[in-house]
Structure formats: structure tokens, C-alpha cells
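Work through the exercises below with the structure open. Try each task before reading its solution.

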Amino acid sequence: MTANQSLTERLAWKALEGHHAQIRDLHLRQLFADDPKRGERLTAQGVDIYLDFSKNRITDETVRLLVQLAEEAGLAERINSMFRGEKINVTENRAVLHTALRAPEGARIVVDGENVVPQVHAVLNKMADFCSRVRGGDWKGHTGMPIRNIVNIGIGGSDLGPVMAYEALKHYCDRALTCRFVSNVDGTDFMEATRGLDPAQTLFIVSSKTFTTLETMTNAQSAREWAIERLGGDARAVARHFVAVSTNAAKVAEFGIDTANMFGFWDWVGGRYSMASAIGLSTMLAIGPENFRAMLRGFHQMDEHFRTAPLARNVPVLMGLLGVWYSGFFGAQSVAVLPYEQYLKRFPAYLQQLVMESNGKRVTLDGKQVANDTGLVYWGEPGTNGQHSFYQLIHQGTRLIPCDFIAFGRSLNPLGRHHDVLMSNVFAQTEALAFGKTAEQVKAEGTPDWLVPHRVFEGNRPSNTILAERLTPETLGELVALYEHMVFTQGVIWSVDSFDQWGVELGKVLAQRIIPELESTREPALKHDSSTNNLIRRYRRLTEAP
């Protein structure tokens, strides 16, 4: 295989095309009838996470050919390149080492000739010391009162990871601390996040690598004004009520934050892969340093599974290849992620950025147009809520939507028979999606002929079931790393750069041009298209004083 060969020219892809033509109409009913042990055999274990992928429209030959495709794409070597710290983010000439954030002390990972692991643990130790002081009441605000409210200000990966982790691990949080999050530049987000908080007991975490991100710094400036105004007008209060997660010491100091309270990270950590870095400071404050380190252990254990397990038994690889199979050969455009665990209610939103910002690309690593679809749309809600809304479309709609069901054997909040009822729905939904209900079965129930078509379930709707014992900090780390490496697997197969995000830049640049046009006291000379010009003028009229 040549380096310039497109995905659709690979031998395994061509073999998969022929294979798909042979099995595309084969029903899961038949696959299970022909192989009574299928549900036990098509499973894999990654650390504490058990994957049942038997309810997918695949055979052993499908798996073999998909693994062959991964081998032809050089997946194993690309995995090694990432873990070695090579600059696989080619458009930004950067290493991709979120895995270094959870490497144990004593590990050696070299970037530009320097072992970065000691730096990582120095930041972790600094975070732990700070969190212990805040949680223990030793860190005092400007008026001498302890901190009881944490407000994280960030956007994108600086918000989605911390919010998801806080909700996911709320069971382990110090309930004496109130944690809130601000990301949207809409003033409502800030006003609601600070409503009812005592400024004397509120600490803001401003997370921005450059300390120039428009949305984050707009919110941070409002927070600064909010705190100073309510703390006697003394700007020195900023140093006791703000800390920074950033690398721009000059900007941090200019804002009024003591750079001793600045927590750094590195350009080899992408925003959407950064929740295990100092971006997770709010998480550590909420759950404590010990639980945070347990989460890091979970990350690392899944990293090691991904790095060392054979491709055919590698849980992230298998999930990534199944996504390629449905996207490339069945025309699937989205995947539903359905956590049957209320604490994971923000997990689908977190995955949206992780998956779609990573692999929503239209050119390959060498800048050529891709020859196939990339970047599945990820979405979802916790079960059982979704069952009473969008499951209708998944069961009986015209679109094929593969599903990931995530569930746990033990509830963190046992309450009567609740967990048995919850889990019965997990197993029932995957069974119903796979096998459906035939017209004959519907008729046998005494259904009138005219109603039969409405009550038929085609089945043959694919799903994965992901099971773990319970949702702990360690398990959350494993689960997030599982999806991170799934994304990487797909990026390698599609030959796209999963670690840049140029698609978010253009709108941000144009917004900087438009802001002064909106704020100008004189009618600006507009040079946009007719629609944008008209909308700007209409907005200006709407904001004119009556």
C-alpha cells in the first residue's frame, strides 16, 4: 500500500465492498439463530469495561476485514507514534500527548528532547495543594471568609469536560462546595451562574490557554467587575477570588491574578482532550485530589489497553471500526449514545465535541479531498428519558442509527427496584432494536389487519452495549479514554488530522470584524453580503434607544 493511496483504493476496503453486498440484507435474527453462542463470543473486555458488540450487522468475516483495513492503514504504528510523542498533528506541527497527562510518575515521554512527565506531575501536585487549601478552608477570600462557591469560566474543551465530569462524579463531590459553569457569551449564562452567590465566598477559575479567547475573556471581565463591585471596589480582591488555567503569564498578571495561582498546560494537549490537565481544576476541587488521581488511573489503564491489546480484541479499535463500517457501507450519518445512568447526562454533549471537532474533516492529512464520508454525528440523552422521545425514530424510522448503550451493574443510589427496572430497559431496548417484531407476531396478538403495519418493528438496528460495575472516578476515566481512542482509530482509517480544528476559526475571525460594526455610534460602512449587512442594520435598529 502506498502512502498516497486513498481509503477506497485499499484492498481491504474493496473486499469490504464485496462482503457488504453479500450480507447487507442478512438479519440479526438469522445471525443469532445460526450461531447460538454469538452473544457470548462477540464481546471484548477493556480494563473494567465490557463491550457486547454481537448485536451489530457483522460476521466474523466483517471483523477480520475491518481489522485488515486497520492494518493496511498502519493503525498500530500510528498508535505507537502518538504514544512516543511524535508530531502527528501535522497541520499544527504538534505532538498529541493527552496520554501523558495520566502517565504515572517515573514514566518517560519525550517531546522535543525533554521528558514531559515530571512537568505533568508538578502541575498535578500544585493543583492538589491548592485544592486541599480551598477544600480545607485555609484559602481565604478578600474579606477573610473561606471559599464555598466555584465558578469555572471557559468554553469548548475548557467547559464541556469539566461540566461533564462534575455531573458524572457528583456522587463523589464535596456538597459543601457549589460548582457552576459559564461558557456562553450570552449574558444570561453569567447572570444565572452567579445568581445567589456570596462574592466573599466565590472563586472564579478562568480557563484560556492564551487568555485572549473572546467568549471566555468577555465572561471573565464581567466576573471581575461583579466581584470588585461587591467586595468594596478594591481591585486587590481579584487576587483572592480568581485563579487562571493558562500559559500567558503576562495577560494573567495584567488581569490581576497572582501568577503563583496560574496553572499551566502545553500545546501538545488539545482542548477537547484536556480534562485530565489543569483544565480539570474545577473537577479536582469538587471531588478532591484522591478521586481525581483515581480518574487519571482509569484513563491510563485504558490508554495501556489501547496501546497493547491486539486490534481484534481492542475495545476502542473495535468501536472505531464499527463506526467506519456503518458510515462507509450503510450510509449511517449519526450514532446515538444512550447512558442509562443519570450522572452521565452530559456525556453525549461532551462526545459531540470530542467526535465531531476531531473527525469532521473533508481533506486528508496530505490535503486531498476525502473519498468517503467522515465524522459521524454523535448525540443522545440518558435512558429512560430518550425512550419516550426519539427512540421512535430509531426503532421505526427510515434512518439507520447505530446506538451505544452505557450501563452499570450497581447503582450509586440504590432505591428499591429502581435499578432493576432501569437495567431491564437497557436489555429490552437492545433486544427490540436487534430482533424487532414481525407482521406475523403482531397478527398473532389479535391486532386488526389495518393496524398491523404500524406495529411492525423491522429490527436489524445495530447497537453496542457497554457495561461496567459502577460509575467511579476510575471508570469515568476509562470510559472517556475509550471514546478518545475510538476517535483516533477512525481518524487513522479516514486519514484525517483528528487533532486540529480549523473549522472553528473563520466564524471567530469574522465576529471580531462585526463587533465594532454593532457597537459603533455612527452608521458603519458595511462590506458584507446583502444578508449580513441587512441583519446588522436591523440589529442596530432593534438596539436603538426608544
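**Exercise 1. The mixed sheet**

Task: find the residue that stands opposite G46 in β2.

Solution. G46 stands opposite I49. Step back to the strands: β1 and β2 (residues 49–52) pair in the antiparallel sense over four bridges. Strands here are DSSP runs of E, at least two residues, and helices are runs of H or I, at least four residues, both numbered from the N terminus. Two strands pair if DSSP finds at least two bridges between them. Now widen the view. The open sheet has six strands in the order β1-β2-β13-β12-β10-β11, with mixed pairing. Its edge strands are β1 (43–46) and β11 (377–379), each pairing on one side only.

A note on the model: it is predicted, local features need pLDDT of at least 70, side-chain atom pairs count only at pLDDT 80 or more, and totals for chains, interfaces and linings use all residues. Residues are numbered from 1 along each chain as its sequence is written, and side-chain values use heavy atoms, with hydrogens and water left out.

**Exercise 2. A serine in β10**

Task: decide whether S334 is buried or exposed, then list its contacts.

Solution. Locate S334 in strand β10 (residues 334–339). Its relative accessible area is 12%, so it is buried (under 20%; exposed is over 50%, partly exposed in between, with a 1.4 Å probe and protein chains only). Next, list contacts (heavy atoms within 4.5 Å). Leaving aside neighbours within four places in sequence, S334 touches L376, V377, W379, I401 and P402. Finally, look at the side chains of S334 and W379: a polar contact of 3.1 Å joins them. Such a contact is a pair of N or O atoms within 3.5 Å; within protein, one must be able to donate a hydrogen and the other to accept it, and residues adjacent in sequence count only if both atoms are side-chain atoms.

**Exercise 3. The parallel sheet**

Task: trace the order of the five-strand open sheet.

Solution. The order is β6-β5-β7-β8-β9, and the pairing is parallel. The edges are β6 (178–182) and β9 (262–263). Two bridges join β8 (residues 242–245) to β9. A244 has M262 in β9 as its bridge partner.

**Exercise 4. The cores**

Task: which residues have the most contacts inside the largest nonpolar core?

Solution. They are W268, L281, F347, L476 and Y483, in a core of 125 residues. A nonpolar core is a set of buried Ala, Val, Leu, Ile, Met, Phe, Trp, Tyr and Cys residues joined through side-chain atoms within 4.5 Å. Helix α20 (residues 473–494) gives the largest share, 12 residues. Apart from this core lies another, of 25 residues, including V151 and F204.
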